[in-house]
Amino acid sequence: MLSKAYRWLLPHPLLTLLLAVVWTLLQNNVSAGMIVFGVILGVIIPWITSVWWPESPRGFHMGRMIRYSIIVIWDILVANVQVAWIVLTVPNSRLKPAWIVIPLELREPEAITLLAGTITLTPGTVSADLSDEGHSLLVHVLHTDDPDAVREEINDRYQRRLKEIFQ
Amino acid sequence: MIPEVIGSWAAALCLLIGAGFTLVGSIGLLKFNDSMTRLHAPTKVGTVGVGAMLLASVIYSFTFAEGSLHELLIMGFLFVTAPISANFIAKVNIHRRACETPPAPPQDDTWSTLNVPEQDRETVGSGTA
């Protein structure tokens, strides 16, 4: 009964926390009143919008998510330098763009969204489309000699970790 | 005195890095001649280019004024919205056949952008194709 009331009031507890933090950051100074108002917004907004986000993922490991974010930020930095090098040195005639197809083991929409977002943010790859039943992800690679290696890397580096986060 | 010197040098370095990556992103946008490869350039500017400039802003505000963390929000919102707009542009490219047709997915029938609803199938088949 109590957990049902909790689910009804806070359909997405993490979203509530996030909204409160965003509100406090928007004010750009920390005061008790603003934090209270942020928490109020954090309760009301998920409650109103829960119609459009009815099911939340069952498991979510925050610690693994933080480690994943650090890895992704590091990869963004490294890949930026690599892609800048490609832009400046590889002529158009020798550029080898490719489509690669990533078979999805993830089933939760939130996890697939995170994977697609990660792939787009790391330069050199853009996630373009999902298959109609959601079993594969279409990714465009800017320049690669070995498309299979890119697929292996995305699978091993991101998909496996995301699977552990949403267990 | 010393922290101010370090702060301004660090902010200047971040500005230069950000400007450099933004420049490379713009060069990429001009240089590539295919709509899909061109899409790769803005994703770079959106991450390290803007990120380094915002970092410069944070460093400057903490050195010379009251600290400000607004910039983290800008970065957060960019990281959330950039993949979505890139995805939309990619979908438009696929839909208008402005790029090489992607290979068929191994398990399902087709890509969702290329999928035609059943009631529209005949008109598309006889009309444009």
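What share of the contacts in chain A with a separation of 6 or more is accounted for by residues 24 or more positions apart? The figure is 69%, where two residues are in contact if their C-beta atoms, placed from the backbone, lie within 7 Å. Keep in mind as you read that this is a predicted model, in which local features need pLDDT of at least 70 and side-chain atom pairs count only at pLDDT 80 or more, while totals for chains, interfaces and linings use all residues. Residues are numbered from 1 along each chain as its sequence is written, and chains are lettered from A and ligands numbered from 1 in the order in which they are written.

Let's begin with chain A as a whole. Chain A has six helices and three strands; these are DSSP runs numbered from the N terminus, with helices being H or I of at least four residues and strands E of at least two. Starting at the N terminus, the order of elements is α-α-α-α-β-α-β-β-α. Its radius of gyration, taken over C-alpha atoms, is 20 Å, whereas a compact globule of 167 residues would have one near 15 Å. That comparison uses the globule rule, 2.2 Å times the number of residues to the power 0.38. Along the principal axes, the C-alpha atoms of chain A fill a box of roughly 60 × 40 × 25 Å. Of its 167 residues, 25% count as buried. A residue is buried if 20 or more other C-beta atoms lie within 10 Å of its own, exposed if 12 or fewer, and partly exposed in between, with C-beta atoms placed from the backbone.

Chain A is also divided into domain 1 (2-52) and domain 2 (62-165), with bounds that come from an automatic or database domain assignment. The C-alpha centres of these two domains of chain A lie 32 Å apart.

Now zoom in on helix α3 (residues 32-49) of chain A. Within α3(A), G38(A), G42(A) and P46(A) are buried. Seen down the axis of α3(A), the buried residues fall within an arc of 45 degrees, so they line one face of the helix. The arc is that of the directions from the helix axis to the C-beta atoms. An α-helix has 3.6 residues a turn, so residues three or four places apart point the same way. The buried residues of α3(A) pack against α2 (13-27) of chain A, while on the other side of α3(A) the exposed residues include V36(A) and I44(A).

Next, turn to chain B. Chain B has five helices and zero strands. Its radius of gyration is 22 Å, well over the 14 Å that the globule rule gives for 129 residues, so chain B is more spread out than a compact globule. The C-alpha trace of chain B spans about 75 × 30 × 25 Å along its principal axes, and 28% of its 129 residues count as buried.

Finally, see how the chains meet. In all, 42 residues of chain B are in contact with 36 residues of chain A. On the side of chain B that touches chain A, the largest share, 11 residues, comes from α4(B).
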